[in-house]
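Reader: Please give me a close look at one part of this model, and then show me what else there is around it.

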Amino acid sequence: MEKKRMIAGIILFGSIWGFSECIIGSYLRDAGLPAGAIMTAIFAIGLMTATRILYKQPGMQLGMGVVAGTLRLINPFTGCFICSAIAIMAEGAIFELMWYHMSRDLSEIKKLKLSISMGIISAYVLYVAGFIVTQITTPLLTSAGFHFSDLLSFLPQILSRGLLAALIGGITVPAVSALRNFDISSISAKRYYTTSTSIAALCWIVVILNTLFFLGA
Amino acid sequence: MDRERIIPIVAIVVLLVGSLSTIYVHGTVESSDDKITINGHSYTVNYIFSIAEQRTVVTNDGSFSGVALDDLLEKTGTKCISCHTYTITGKEGYSKTVTWKNLQNGILTKERKVVFSDLPKAFRVRDVVSIEVN
């Protein structure tokens, strides 16, 4: 895999992830839906698994987390956006750690039982870890400070809410596994770079316009 | 043990942890009657609104009105108010610990939600059941 192609992939899929966190996540929250579980189990897990399958390159998902987190950083919605950005970056790093021992061609997830299991584990761990990261970083960045007892008393709720993410993740990974037969290197360089740059730019433009609209409102 | 066996077992453990936590959470959720315990004493929302002064706080997503938390703590008999931190707990066990300075920028709404003008949304505890003086 060409390094340049991989970097374009990191920027493209990281931007889509960041865009979904900023724009779609806000709509889900406003609609009263469990945004955290949906964002983690469908978008975060879906996009990171898809890139792992398409590019077969460990390390990409950490880069995607950094791109998505950076995009989240420029969106001022929903409270502590620095904390959300850190949580997204942490999700990328945790995914890398969990999938570290998987083979490069992900032959393990060809079996339905294993792909469902990996989806359940990944979505649950990512959701719980992301939640805990925000519960720690948010108070740390305020005058109230972090109190471990607050986290401890809410831990059963966090572990409970992760169940929905786990169940959705158990569907997302097998569904994304269908991409296994698609060869990303078969796309011509011109078409690949034009499309990836355009989509990534569009994601950033929409989020920036959304931010400007929010600040002007 | 190979990966093909370990991964499904871990997935089952994950589902069990999630399910047992859900059972635990539903079993321990405190009743949401009209009372709020402040420093060990129980008060109705109506009583709280009758003794403490009202305040409106402005946040980046609008303004909220309710009783001033610092005045509420004073009126309910907390000694040396600035010496303590305060843990506000919601029905679902969600709790946040805040300082005296934060209380001066905070309110308790009729819907039993606390809102602070100097803290992010994560500190908005809903369905407050208790305020502990630490």
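Author: **Where two helices meet**

In helix 2 of chain A, the residues Gly36(A), Ala37(A), Thr40(A), Ala41(A), Ala44(A) and Ile45(A) meet Gly119(A), Ser122(A), Ala123(A), Leu126(A), Tyr127(A), Gly130(A) and Phe131(A) of helix 5 of chain A. Contact means that the C-beta atoms of two residues, placed from the backbone, lie within 7 Å. Helices (H or I, at least four residues) and strands (E, at least two) are DSSP runs, numbered from the N terminus. The residues of this contact comprise eight nonpolar, five polar and no charged ones. Here Ala, Val, Leu, Ile, Met, Phe, Trp, Tyr, Cys and Pro count as nonpolar, Asp, Glu, Lys and Arg as charged, and the others, Gly among them, as polar.

Before we go on, please remember that this is a predicted model, in which local features need pLDDT of at least 70 and side-chain atom pairs count only at pLDDT 80 or more, while totals for chains, interfaces and linings use all residues. Residues are numbered from 1 along each chain as its sequence is written, and chains are lettered from A and ligands numbered from 1 in the order in which they are written.

Now for the geometry. Helix 2 of chain A covers residues 35–55, and its axis comes within 10 Å of the axis of helix 5 of chain A, crossing at roughly 125°. Axes are lines fitted to C-alpha atoms, for helices over the stretch in contact, with angles from 0 to 180 degrees between N-to-C directions. The two helices are therefore oblique to each other (under 35 degrees is roughly parallel, over 145 roughly antiparallel, 65 to 115 roughly perpendicular, and the rest oblique). Their crossing is right-handed, that is, the near helix is turned clockwise from the far one by less than a right angle.

In all, 26 residues of chain A are in contact with 31 residues of chain B. Helix 5 (112–140) and helix 6 (148–176) of chain A are the elements that give two or more residues to this side of chain A, and helix 6 gives the most, with ten. This side holds twelve nonpolar, eleven polar and three charged residues.

What does chain B look like? Five of its strands form an open, mixed sheet in the order 2-1-9-5-6. Strands pair if DSSP finds at least two bridges between them. Strand 2 (41–44) and strand 6 (95–99) of chain B stand at the edges with a single partner each, so one side of each has no neighbour in the sheet. Inside this sheet, strand 5 (residues 85–90) and strand 9 (residues 128–133) of chain B pair in the antiparallel sense over five bridges, with Ile88(B) opposite Ile131(B).

An open, antiparallel sheet of four strands in chain B has the order 3-4-7-8, with strand 3 (54–59) and strand 8 (114–116) at its edges.
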